[in-house]
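Open the model in your viewer and keep the selection panel handy. We will go stop by stop, with something to select at each one.

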Amino acid sequence: MKERRGKAKKALVYVTDRVRDRSFAWRVLIYIGSLALLFGLWEIASLVILHVKGEEYLPNPVKAILEMHRLGPILFRNFWTSAWRLVLAILIAFFTGYPLGLLIGQERWLDQFVSPMVYIIYPIPQVAFILLLFLVFGIGNPVKVAIVAIAIFFQLLVSARGAAKEIDPEHVTSVLSAGASRFQTYWHVVIPETLPSILTSLRVSVGLGMAFLYIAEISGSVSPGRGGLGAFIKASSFNTTQQAAGILAMALLGLVLYVLIDVMERIVCRWRYTARRSS
Amino acid sequence: MIDVRDVVVEYGKRAGAVRAVDKISLRVAPGESLALIGPSGCGKSSLLFAMAGLIRPTEGAISVNGEPLNRPRREIALILQNAGLLPWKTVWQNANLSLLLGKEYPRATAQAVLDELGLGEVKRRYPSELSEGMKRRVGIARALSTSPSVMLMDEPLASLDTLTKERIQDLFLRLWVRHAFALVLVTHDIEEAAFLGQRVAVLTDRPARIKEVVENRAMGEQNYRETTAFADTVARLRAALERE
């Protein structure tokens with residue numbers, strides 16, 4: 001009995017050590033465990049709704065996954081359409097909002113000039129622009145990408161401005177005394193120091209972008225087969241299993257983007273993870 | 001040679017201007033060391049940053065090796081309070097920052113400097129993986145990487161424990177003797193000023209003016225910390241600081 005307890009304790013110590021180690025395999029296992037828990041909760045919710053309402057409004061996860069498999073190519077086409085729209089919008093917003101936010105945060109004259117404009121436009125729900133954009137530019141891809149890009153742009157711009165104002169002055173003094181030009185100060189200090197908070201903001205933006213993409217896609221679709229996941233979900237209003245498959249595909253798209261941002265952060269902000277490991 | 005003539009540093013404009021440095025003149029010859037000591041916030045760092053070419057004096061002039069100073073120059077190295085290391089750069093990149101900014105590939109001497117300071121083994125590490133003492137040594141390596149003729153230090157050993165502080169003070173002294181640069185040290189630590197300054201300028205509270213210059217010619221003697229000359233300099237500096 002005592003021996004068995006000792007073994008159990010050893011096993012527990014081993015597991016907690018590996019979790020702390022955060023080796024790749026363990027991280028994958030934790031990810032899978034987390035997904036299993038989520039699907040478990042979904043299954044419970046599905047059973048509760050079925051029991052209370054007597055109708056299967058929320059199909060269980062197994063049914064949704066099987067439906068995804070059945071729908072195969074058509075779901076993939078819509079997934080792909082939504083994915084490239086979202087990724088393109090994120091890239092446009094990142095490469096415009098981030099540098100502009102840094103400039104506003106660092107250059108006082110630009111801050112005084114641009115910030116009032118930003119703070120008038122930023123609080124307006126960007127959804128309010130959708131109708132105007134559809135009226136002016138039609139319902140094609142560029143407008144859908146633009147709607148998402150505008151929403152993320154302001155998010156990143158405001159975050160970058162804030163991060164640029166928090167730069168440690170000793171880092172700037174350090175590179176200036178080493179002979180850095182203005183551009184080199186941005187490249188060697190401002191960008192690396194603000195990147196971690198911008199990537200955090202980018203993660204938040206993925207959720208925001210998906211919400212706006214959904215709104216844009218249900219508001220107007222070009223062709224039924226390639227309207228994107230939003231249009232697909234809307235078209236499945238009377239088929240809850242198909243709808244659940246569409247929602248699951250959207251969640252998958254979000255997951256892929258989060259993982260990509262995580263990987264990117266581990267590459268470009270390697271120093272932060274080394275610090276964490278050594279502490 | 002660094003020559004400071006009637007330098008005034010003010011922050012802000014017109015009526016709201018705050019004077020940090022008030023008509024200071026001093027001269028540091030090649031291979032000489034000068035410590036500037038004064039109360040916290042008296043304006044001594046402003047004076048040092050002006051000597052580094054980072055702040056333009058409101059009045060007066062600074063010249064280095066006979067040339068007027070109006071921007072940071074390679075022959076002037078600055079060591080900051082927390083070593084000024086960039087956390088996202090490795091020890092090697094931090095130590096050679098001046099060379100890399102000048103688009104020069106670090107020379108073999110850069111490796112020699114790291115080895116001399118005992119950092120050869122950790123050159124691929126990030127600052128967060130180093131002890132405080134090692135971080136200061138990386139800051140020193142960066143300052144030495146351009147073979148400067150003037151070395152400026154802004155409270156470089158603040159917040160270090162006593163033993164580490166003394167070890168790095170000994171290192172500063174060795175490097176100063178070997179590389180023969182003009183050294184200007186800003187500190188609020190009396191013993192540090194007495195250990196590293198051949199002359200110690202005692203500054204007033206803000207705005208900084210030179211109150212008194214204490215000569216400390218015995219500095220650099222073996223086991224100087226244990227000598228009566230050192231104790232005497234410390235006592236004179238303390239008295240000068242306390243005097244109104």
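Start by selecting helix α3 (residues 61-106) of chain A together with helix α8 (residues 182-219) of chain A: they pack at an angle of about 140°, with their axes 8 Å apart. Bear in mind as you look that this is a predicted model. Are α3(A) and α8(A) roughly antiparallel or oblique to each other? Roughly antiparallel needs an angle over 145 degrees, and the pair is therefore oblique. Turn the view until one helix lies over the other, and you have a right-handed crossing of α3(A) and α8(A).

Now show side chains for this pair. On α3(A), the contact is made by A:Ser82, A:Arg85, A:Leu86, A:Ala89, A:Ile90, A:Phe94, A:Tyr98, A:Leu102 and A:Gln106. Facing them on α8(A), pick A:Tyr186, A:Val190, A:Thr194, A:Ile198, A:Leu202, A:Ser205, A:Gly209, A:Met210, A:Leu213 and A:Glu217. Colour the contact of α3(A) with α8(A) by class and you get 12 nonpolar, 5 polar and 2 charged residues.

Next stop: another helix pair. Select helix α5 (residues 127-137) of chain A and helix α6 (residues 141-165) of chain A, whose axes are 10 Å apart at an angle of about 150°. The crossing in which α5(A) passes α6(A) is right-handed.

Which residues make this contact? From α5(A) come A:Phe129, A:Ile130, A:Leu133, A:Phe134 and A:Phe137, while α6(A) supplies A:Pro142, A:Val143, A:Ala146, A:Ile147 and A:Ile150. Try the class colouring again: the contact of α5(A) with α6(A) has 10 nonpolar residues, no polar and no charged ones.

Zoom out to the whole of chain A. Here you can count 11 helices and 0 strands. Its radius of gyration is 23 Å, well over the 19 Å that the globule rule gives for 279 residues, so chain A is more spread out than a compact globule.

Colour chain A by domain next. The domain assignment gives domain 1 as 1-57 and domain 2 as 59-278. How far apart are the C-alpha centres of domain 1 and domain 2 of chain A? They lie 30 Å apart. Look for the place where the two touch: 6 residues of domain 1 of chain A are in contact with 4 residues of domain 2 of chain A. On the domain 1 side, those residues comprise 3 nonpolar, 1 polar and 2 charged.

Move on to chain B, which has 8 helices and 10 strands. Its radius of gyration, 18 Å, is close to the 18 Å that the globule rule gives for 244 residues, so chain B is as compact as a globular protein of that length. The C-alpha trace of chain B spans about 50 × 45 × 30 Å along its principal axes.

For the last stop, show both chains. The interface brings 18 residues of chain B into contact with 18 residues of chain A. Highlight helix α3 (residues 97-101) of chain B, which gives the most to the side of chain B that touches chain A, with 3 residues. By class, that side of chain B holds 11 nonpolar, 5 polar and 2 charged residues.

Definitions and conventions:
Residues are numbered from 1 along each chain as its sequence is written. Chains are lettered from A and ligands numbered from 1 in the order in which they are written. This is a predicted model: local features need pLDDT of at least 70, side-chain atom pairs count only at pLDDT 80 or more; totals for chains, interfaces and linings use all residues. Two residues are in contact if their C-beta atoms, placed from the backbone, lie within 7 Å. Helices (H or I, at least four residues) and strands (E, at least two) are DSSP runs, numbered from the N terminus. Ala, Val, Leu, Ile, Met, Phe, Trp, Tyr, Cys and Pro count as nonpolar, Asp, Glu, Lys and Arg as charged, and the others, Gly among them, as polar. Axes are lines fitted to C-alpha atoms, for helices over the stretch in contact, and angles run from 0 to 180 degrees between N-to-C directions. A crossing is left-handed if the near helix is turned anticlockwise from the far one by less than a right angle, and right-handed if clockwise. Domain bounds come from an automatic or database domain assignment. The radius of gyration is taken over C-alpha atoms; the globule rule is 2.2 Å times the number of residues to the power 0.38. Angles under 35 degrees count as roughly parallel, over 145 as roughly antiparallel, 65 to 115 as roughly perpendicular and the rest as oblique.
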